[in-house]
Every structure is written in C-alpha cells, then in structure tokens.
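Biologist: I am new to reading protein models. Could you take me through this one, feature by feature?

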Amino acid sequence: MKKLINLFLLFVILMSLSPVQSLAADTSTVESSETTDTLPESNDAITSDTTESTASSSDVASSNTASSENEEVVAETSDEPQVTVADVTQTGSSTAPFLVSNASELSSALANAIPSGSDALYIKFLNNIDYNFTGQVINKNTVIDGGNYNLTYTGTAYTAIHFVVRLNNLNITLKNINYKNASSYYGILTVASNATGNQVNIENVTYNVSRGGQPFYSDVGNNTLNFSGTNDFYVDSSGGDNQEFSEGFSNINFKKDSVTKIHQNTSSSEGVFWMKSNGTMNLEENAQVNIESGKYGLFYVNGSMNLNVGKSAQFNFNRINGFQPTYNDLIRVQSTMNISTGEDAEVNFSTEAMGMNVKTVNIYANKTSQVAFRSTGSQAAIAQGTANFLRQDDSNSLYQINSEANGVTTTLVDKVPYNQWQTVNSTSYSGKSAIIYERMLSLEGITAAETVGRGVSRIDANTSGYKTMKSRNNSMRYLLSSQQLTTQADIKTAYDQMLTTNPNAAKEITSSAVPDAPLSFSNLPAGNYYVYGQAVASTTGATATTDWVQATVTVPEYKDLSIVSTIDFWAFRPKITKEDNLDFANYQVINYGNTTRSLSLNNLTVNSGSASDVTLVDQLTEGKDSQLALSLVAQKNDSQDEVKWGPLLANKGSTASLSLTPYWQTDHGADLYVTGNFSGPYDVIKNVSYTLHFDIATVTS
C-alpha cells in the first residue's frame, strides 16, 4: 500500500511539473482532401484533390517538432530572470498577438476567437515555419504578421487548397512574409465557396516558388485584393500548376506609395490577371507596379476592364519571351479596355516578343506625363488594334502623339486638343518601334515679384506648374513689357522685336526638367510691368511651345540720394580751386534710387567754425580784405558736364538745377566743390565752412 501511495505522489508531482499550453490545443480546423470542395471547375480546376494525401493536425504537430534548421541551442547564464514565450501575454489583439513558431501553433492560433475589443485576430511568427497541411480555414478577420520570416510549403499538393476563406465580408491581412519553395495554384489564400465582399490585404510580401505558382485565387470576382508596402512576386516555371498571378479577384488595388514587382512567366492559363467579372485595377497616388510576363495576355476578363493610374503613379508592363510565345494581347476574351491616367502618371507597355494586340484601348488622360507602347526589338510595338486617346485637361500644356522608328521621331498629332478623341491605327503604328502620348511641356503660369533697395530695382520671374520632358532640350522665354499685350500674336511679335532691340527685356534661358526656371530683370525704373512667359521644347529640326502666360507687377518708387551738406576749404590765395576744398574727393552727391532726381540750391549758411571776418559777396571790392566771391560746382561723374550755383551768398539760394539719373545709368553721381576769388590777406590761412541746403525733387518723364 505504501508503494502505491508513493507512486501516486510521484505521479502528482510529475503532472504538476508539466508545461501548460497557452494556446488552445488541437482546436484548429483542418480539412482533408476528401472534404467536399465547392470550387467551380476552371482552367484551375482540381482534378486530383481526392488522390492527394493530406496531413492531419497531429501529423502537422509531429512534423514540426524538430527545428527545420537544427540549430544548436546554447544556454546563457544571467542573474536576470529569463523571459520565455509562455511568460508573454497573448490574447490575439494587435498589442498582444499570438506568437507562433511552427505550423501546429499557427493552426492552433487560427482557431481562436477575436478577442473582445479587437478588430481582428492577430498572429505573429517567431521563426521560419514549414508546413505540409492543406485546407486550413480562416473564418474571421485575421492579421498574420510573418515578422519577415519564411513560410515554406514542404508538401506536394500543388493543386489543393492550403489556406481558405469560405465566409463573406472578411478582412484578411498577410504581411511581412516570405513564401518559399512551393505553393498551390489556389493561392496563398483561397477565397472559396463563392464567398464575396472579402478584403485580402498583402503588405511587404515576397513570393518565389517553382511549383503551385499562382499567388491569388478567388471563386468569384466580387472580392478585393489590396497591395501596400513593398512586394515582390517571382514565378518562372512551366507545368500545369503554375498559372495566373491572380485568378478571380476583379477588384485589385495598389495602395498609395506602394511598390509591387510581378514576374509571372508560366505555361498554363492565358493571362497574368484573370478577372471573373467586370475588372477594375487601381493604382493610388505614387504607387508603382512593374510587371514582366511571358503569357498570352495581360488581362483575361469576363466583363469590362478598367485600369486607373492615379496621380504620380507608374504602371509598367513588359512582355518577355516566355513559355507562351503565340500571342501578345493587352486583353483576352473581351475586345475593349479603358485606361484612365491622372496627373503626372506614367503608363508604359513594352515588348521583347511580338508586337502587341491592343484590341480597342481607350485612354483617358488628365494631366498625364505619358502613355507609351514600345518595342525593344526589331518588331513594331503595336501589331493589331486601335488606340484612342482623349485629353481631359485644358491646362496650358502641350501634348503630342509621336511615333519612333530607327531613332527618328515623327509627330502624329502636334498639339493634342482638349476633349477631342485622337485615334492611332495601323496606318500610324505600322513599322513603328514606339507610339507615345506625351506631355512635352506644361506651364500653368508664371510669378513676378519686385525687390527695391539701395542700388537694387528688379523683378524676379519664375514658373508655376512648369514640367518638361527630360528627353528634350528645354528652355523658358520671358518678355518684360510696360504695356499690356492682349493676343498671342502680339506677344510673339514683341518678343521677336525685343530680342534684337532690347535683349534685357526679352530673354530665353535653358532650363532642366525641374519645376522652376527663374529669371531676374534688373535695373528697372519704377512703374507697372507685364511679364510674359512661354515654355519651349526642341529636338533636331522641331520646336514646340506652350501659349504665353502673363503676370503683372508694380515696381515702387525708391528714393535714396546720398548728398554732402557741408563744404570746408582754405582761403589763402587769390584763386580758390577744387583742390583747395579740404575733402573734395568725398564731396559727392549720388542717386541710389530707381528714379531721376533733381537738385536745386535753396540756401547756404555759415557754420560756427568758419572764419568770422570772411564774408561772401557777389563780387570783390578793390582794396577790401576777407571777401569771397564763390560758386558751387557740380561735375557729373561720367559726362563731366557741370552745373554751377552762384554767386553764393549767405541765406540765399540759386535757380540752377542738377539732374541725376537712376543708379544704373550714367551720370547718376556728381562731385561738389567751390571755386572763386579771395581778396586776401594772403599771409594767413582762413578756414571757411558752409552748410548747403538743397531742394530735391523726382523728375517725371
């Protein structure tokens, strides 16, 4: 009996030492291949599902007991308590996600309910995970964060469902996951059972597989596929289990600022995207999508097809020589496709294989940078079909439709008009290596701002909404006029005349393909001005221009006259000359303003330090000492012309006037000095000092 009691106690102790699982065990929902599958037959139809062996949940757990990388674990000693996964709170919320290290834990985590107050069930990888199960159900809003670890399929069921959604209106996010080795042609997540309204969000995902190479599948079209962050998908294999990039999803969105690369070169199925109803693909602002394909077509659509490329977004498609060499269709099944392009958007279709059959493609361009069809080989870019272009903006932009062949550009439409369809058919594209709708120039307006100050009077002009093509020689023309010109012809005539008669008022400057091309007009008289601007792009033998645009600006009057007010000199000999003025080199008057200024002498006063016995007279009296008969001279700096005020008498002025031009013109400054006669005595030096008082006025023309 005692032995039995001891054995019982030992059993209780051992049980108390057993770890407690934090996740609900064996509660995952895993479907075997024998379960009824409601997926409709298609080119992806499952014909061998019932023969595929599917691992049970217990098989999954056992197959992932050992680490796939067999790393040696080295114990570390520390005085601090060690924190393990079991110590971390895991509720499945965004702040406390379930942490999984293997396929069994992933399945168990997916079986949990959404925690109270959370918008979804959150799961995060702690390691690379290998799995070989199929039929794993996701039946609630779920976010799986791979933590940039790998999710690798190690089985061989390339035509069976791996992860599946069978309910409507779920929101599933797969992010930071690297898919390796193999997958299923039912995608990394299957939307089955004709479920609709589901949002599948892909964020920062890489996908590189050689079997089961079809990332996305949906039974029907009424589900949405969203891409954000940076994504890279690569499939380059033949075989029946490598098919489209996406099948079924008819709403595909590339979110703002996302970058997505797709390489889909497979031998089965006919398009990169199979949309099972009316198809819509949206590129939001600044999204970039780069697609390479060796398949028959880009879009395989069971309804209408609309590609919308938003502001500053780029859509690039390149048809490579791949496993399907026969056709190069923009769209299959249907015959018409619509492309809408926003401001500064770029769309580029290129081919390394045969020329493209565009069927009927209608392109709605609104301030678009370019839409191009190009060939990188000897074949024509477009082999069949019709491309229709509709310019939807009436901005001051110059758009052209050009073709290229053997390095020579031919303009098909010189100035694409607003809201008028332009058709490019076989007559235009036959033998051409490129057909391009491109914005040559755009100039929404110009700005003009004045600056005045000492020795400064200018207008700074710049562009507004100025965009050009990097492949062209670009320049800006500016015209400055004091009169308003009302027609494009009048402006052009004035510009051409000014180029030869007044090059300071008409200038053309080289500009780079950046949104500004500044120019300053300097040394301007005060007044009202009209500034005109025109953008120019040129190639050998051809020049394209925008319309002239106008800005108005007023340069205010700026008054700044530097003038000497005191003159000192010595009187000690009969003749007083310029050199007798004590500081004649600095006795100046200078106009630093932007208007012509006139000076007249109002009066003269004797300073307190001047010799008190010396008097000013209009003429000398014979035999009387200490008399001065003086004149004030202003000698212009450039012409050397002189203006004289005199005779100088205390507290009296003079009617003569001195005119000084604005600071940038000749004769805007003059030297001041006194000359005249002194009656003596000559044996002593008399210090004489006067203050000059001027009247100053602005001269108007």
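**Cores, strands and salt bridges**

Modeller: Of the 89 residues in the largest nonpolar core, M281, F315 and F373 touch the most other members. A nonpolar core here is a set of buried Ala, Val, Leu, Ile, Met, Phe, Trp, Tyr and Cys residues joined through side-chain atoms within 4.5 Å. Buried means under 20% relative accessible area, exposed means over 50%, and partly exposed lies in between, with a 1.4 Å probe and protein chains only.

Biologist: Before we go on, what kind of model is this, and how are residues numbered?

Modeller: This is a predicted model, where local features need pLDDT of at least 70 and side-chain atom pairs count only at pLDDT 80 or more, while totals for chains, interfaces and linings use all residues. Residues are numbered from 1 along each chain as its sequence is written, and side-chain values use heavy atoms, leaving out hydrogens and water.

Biologist: Which residues is M281 in contact with, leaving aside its neighbours within four places in sequence?

Modeller: Contact means heavy atoms within 4.5 Å. With those neighbours set aside, M281 is in contact with I252, F254, F273, M275, F299, M305, N306, L307, N308 and F315. Apart from this core lies another, of 31 residues, among them A571, V614, L648 and V688.

Biologist: Which strands pair with β21?

Modeller: Two strands pair if DSSP finds at least two bridges between them. Strand β18 (residues 279–283) runs parallel to β21 and is joined to it by five bridges; there, T280 has N306 as its bridge partner. Strand β24 (residues 336–341) also runs parallel to β21, with four bridges between them, and N308 is partnered by S340.

Biologist: What does an antiparallel sheet look like here?

Modeller: Follow the order β41-β50-β44-β48: these four strands form an open sheet with antiparallel pairing. Strands β41 (566–571) and β48 stand at the edges with a single partner strand each, so one side of each has no neighbour in the sheet. From one strand to the next, the twist averages 35°; such angles run from 0 to 180 degrees between N-to-C directions, with axes taken as lines fitted to C-alpha atoms, for helices over the stretch in contact. Between β44 (residues 596–606) and β48 there are four bridges, and L599 stands opposite L658 in β48.

Biologist: How many salt bridges are there?

Modeller: A salt bridge is a side-chain nitrogen of Lys or Arg within 4 Å of a carboxyl oxygen of Asp or Glu. By this rule the count is 17. One of them joins the side chains of E284 and K255, at 2.9 Å from N to O. This pair links distant parts of the chain, 29 residues apart: E284 is in the loop between β18 and β19 (288–293), and K255 in the loop between β15 (251–254) and β16 (259–266). E284 is partly exposed at 28% relative accessibility, and K255 is partly exposed at 30%.

Biologist: Are D671 and K578 buried or exposed?

Modeller: Both D671 and K578 are buried. They form a salt bridge whose closest N and O atoms are 3.9 Å apart. D671 lies in strand β49 and K578 in the loop between β42 (575–576) and β43 (588–591), so the pair ties together parts 93 residues apart in sequence. Salt bridges can also form a network, as with E343, D344, R439 and K467.

Biologist: And what should I look for in the backbone?

Modeller: Look at omega and phi. A cis peptide bond joins G646 and P647, with omega about 0°; P647 lies in the loop between β47 (642–645) and β48 (657–660). The bond from G680 to P681 is cis too, with omega near 0°. As for phi, N148 has a positive value near 70° without being a glycine. N148 is in strand β5 (residues 142–153) and is exposed, with a relative accessible area of 53%.

Definitions and conventions. Helices (H or I, at least four residues) and strands (E, at least two) are DSSP runs, numbered from the N terminus.
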